[in-house]
Amino acid sequence: MISNLIQNEWLQWRRNSQVRWLTLFLILISLIALVHQLSYQSHLLDTRLKAQEDSRKEWLSQELKHPHMAAHFGNYAYKKPTSLQCLDPGLTIYTGTSVYMEPHRQNDFLFSKSQESDTGLRFGWLSPALICQLILPLFIILFTFNSVNGEFEKGTLQLLLAQGVSFRKVLFSKMLATFILFASFLIPYFLLTAILSYILFDGDLNLGSLLYLLVIYSIYCIIWCLLGVLVSAHIKKIGTSIAFLLLIWMFTNIIMPRMSANLAENIYPLITNYELKKGIKESIDNGLDGHDPKSDRALKIEKDLLVKYKVDSVQQLPFNFEGFIMQQSEDYSSKAYDLHFKKIFSTLENQKKVQTWMGIASPFIVIRNLSMSTCNAGLESEIDFQTQSENYRRSFVQNMNNDMKDNSAYNTFDTYRVKKGKYNAISDLHIENKSLIWLLQSVIIENIWLLVWSISLFILMFRSRINLIYS
Amino acid sequence: MKNSNTVYSKISLKTQFWLFKKHSINSVILFAFLAVGMYGLYQGFVFKSKQIETIENFKTEKERDLAVLIRGFDADTTTAKGKEDYENVTGLLSSNRNITLPVFKTPSSTSLFCIGQADVFPYYYTVKVESFFMQLFKQGEIANPLRSLAGHFDTSFWIIYLLPLLIIILCFNSLSNELDNGNWRLINSQGISKKEWLKSKFLLVGLIIELMVVFIVVIGLIVNYCCFNQNPTINDFLFFVGANLYFVFWLSVVYCINSMGKTTSTNALYCGIMWTMTCIVIPTLSTALIEKIIPVDNTAISRMSRRPQGSKFDDPTYGIKLIKQFGKIYPEYKNANINPETNAFSFAVYLGYHRLLDDANTVKVKKYFENIEQRQELINSSCVVNPTAAIDGIFTSLASNDALANHSFVWQTKTLHDSLNAIYYPALFFDRTVTKKDYDAFPVFKYKNTASISITILVCYALMGLLSAFIFAMSNRMLRRI
């Protein structure tokens, strides 16, 4: 019986010219989004790879100079896109794309896409994720808003019920018919995206992540199918049901995400760069606890070394004291940077938590967070990228300082030069993308919400009774 | 005939108001929308307050640091500390490190209503003598990608996304509801035509929304005056005009959908599709298209942050050549008289190189900025096909919170940097110390808001008005047919 009902539903859609136009439009806009995103990612991949290569070449081709000066020449880290970002670029559009890495300071990530775009970016970035998260639910609404009350109005619902079909079965069939239809769009669309990004990224594609994405988007699709059918079943008037569904969509997909982000910022305000830099400077100058001035620290290190090596002056040490103190200073400033950046990351994580909890009122927030995390484009991936780049900065600066400490004599800043091959010994920056398991740890609640939404709506559907609604 | 029409309309407006009041849900909806509008204003206030507070603290600190540095002129040079302070303020190398001037972009009056891109651009910089772009592309503001992704909940959002929604909720079934309920015959029997009925309904809704917009804008202007000491500006007025034109456009769209004489569900469907197309699909599509038409690449620009270095700066032959080249471009330094054997010479060569590098980079940065500005210009002028994004772009532009305003801020900062160089370089190239007189002549930054009434804005407003008038006229013709 269920299969008959499903077939009947599809037959009705096939006969409807409006549905044909809508389907065509959905396919067209989805393909445009896919092409646009692939072309953008491809351009990004090319330019960033080239920029990273150029930066490396510049590093290697610099003249032989004092290691600290060579460290000051610095390196650049360019954020490279991943294959799954062809599906969902997530936060990568709004975060800095490159950073200059040099001694003494952790520079800011600059040149975000949002700085280079027109204000139209505020309406969203055209990508397959935007289509599946924002537009697809709208199409589901258009396919379901009159699925039950329309049948009632025509009198066909009464006929069906008279034939012994239960109301729940009718609702289930309607939901399933819509879901199968949209799944038959979603699965090929995802596969096409995956194949094209696989080709684009030279075989770099995580199948587990792709499968997981397919599952969560399918559940998201089911949620909207259930919502559409349930509203259509519970609101007799077709006009009211479409208006109500559109309001739900606007509230959950447009208003709630903004409201949650703004509220999160109000609850956990992010400090400004000025406050950050001021805090770091104070920590370095006066000590992390505020009672350990920079000058005292240097004197203490010097004194301790003299005692340890039983010598009278730093010149008598078995290594270059200048290189040693340089690295000690780096280590201390790194601690200060860690202290203050941890606060920023923690604020951002708290803001995300607020949004996550508000996901209970918006499946859009839930799927958005899940999707961008899986595609390596979430907050945790951004923090991880910044951390990996910073670790690289520290390691190459340390390497150069150690060269100065171990190979140069005291007070030879103007004369000592690094040996040939030293620059090559510093490995190039390699950012390692995290595994799916690691990424999913930060979106456990979102997974729960997605299940809560779908199970609640299923329960609601199975508890729906015709006599309560159409009495 | 004309008089009788007017009489009918007046009667209908009164009736509409009575009908509107009768449904208590309408009052709830209006109250909710007004509350949301106030929340949007609050978000703008929070953002602006934070910016102003940061600017104040930043400015105070940098001015205090400079004052402390200048005190070095009066230091007792017989003591080690006094000698160090004196060297810090007068020495060429040390003063280069220590002279830091603050620049800041004060939020405009209209920025209370529209945050725009203010969250992605820095609004304060420190300026030193050395290469401008090297400093510029190291300074940014901490990005909050979570908020940028979701967007701001400001007055601009309320006007652009939510007011059309309110119009749709209140008007989508203005005629169809009466037709569906069978009330239309009764209304028509009183001599009221469909056009008059719709006209009165839309007039009423328009008036209500107008009152809400006026209320929010007036509250905003009062907040600006009381909390930020800012008087209303022409841009505030243009923002208000834009808001009105935009909601009139939406009234015309919903009026048009009503005039097609379709059922309530079809009207709801059309309104929903129209809203989605205008507020999401078309803006995202146009941004994607503009990305393709005007490509922007920052990889070359991003490497301007690297500090120039190398043994060439210690090479007298290279130094003399560079200083000669520098003198050709800047004739005031043609007769530079630094001894190539001194430290000041290699430092002059080094900073001369910075200056020449900046000159070369200015061209690249200008091109890079121009491309971004062209993208914005295209969006702002696309009001007929892309009214939502165009109005949003114009609002952001009026609030001086778009890329153009940021770029203007950057160039104003560069002008200050040039002025600072014009004071510091003579000391450097004529081998003397930096004097108290030099410090007194240091430029003080005053941000000039460049957002003004542009032709694009006026043309866009005129086109939007004409578009609305055209849709109304076309709808009235359709009404006659049904």
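This is a predicted model: local features need pLDDT of at least 70, side-chain atom pairs count only at pLDDT 80 or more; totals for chains, interfaces and linings use all residues.
**The interface.** Begin by displaying chain A and chain B together. Contacts link 69 residues of chain A with 70 residues of chain B. Next, select residues 238-267 of chain A, which form helix α10. With 15 residues, this helix gives the most to the side of chain A that touches chain B. Colouring that side of chain A by residue class will show 37 nonpolar, 23 polar and 9 charged residues.

**The cores.** Turn now to the largest nonpolar core, which has 221 residues. Select Cys221(A), Ile167(B) and Val254(B), the residues with the most contacts inside this core. Then centre the view on Val254(B). Beyond its neighbours within four places in sequence, Val254(B) is in contact with Ile167(B), Ile168(B), Cys171(B), Phe172(B) and Cys271(B). Another core, of 10 residues, lies apart from the largest one; to locate this other core, select some of its members, including Met69(A), Ala71(A), Met400(A) and Met404(A).

**A helix pair in chain B.** Finally, select residues 264-293 and residues 387-398 of chain B, which are helices α12 and α16 respectively. Their axes are 7 Å apart, and the helices pack at an angle of about 75°. Because angles of 65 to 115 degrees count as roughly perpendicular, α12(B) is roughly perpendicular to α16(B). To view the contact, show Thr278(B), Cys279(B), Pro283(B) and Ser286(B) on α12(B), together with Pro387(B), Thr388(B) and Ala389(B) on α16(B). The residues of this contact comprise 4 nonpolar and 3 polar, with no charged residue.

Conventions. Residues are numbered from 1 along each chain as its sequence is written. Chains are lettered from A and ligands numbered from 1 in the order in which they are written. Axes are lines fitted to C-alpha atoms, for helices over the stretch in contact, and angles run from 0 to 180 degrees between N-to-C directions. Helices (H or I, at least four residues) and strands (E, at least two) are DSSP runs, numbered from the N terminus. Angles under 35 degrees count as roughly parallel, over 145 as roughly antiparallel, 65 to 115 as roughly perpendicular and the rest as oblique. Two residues are in contact if their C-beta atoms, placed from the backbone, lie within 7 Å. Ala, Val, Leu, Ile, Met, Phe, Trp, Tyr, Cys and Pro count as nonpolar, Asp, Glu, Lys and Arg as charged, and the others, Gly among them, as polar. A nonpolar core is a set of buried Ala, Val, Leu, Ile, Met, Phe, Trp, Tyr and Cys residues joined through C-beta atoms within 7 Å. A residue is buried if 20 or more other C-beta atoms lie within 10 Å of its own, exposed if 12 or fewer, and partly exposed in between; C-beta atoms are placed from the backbone.
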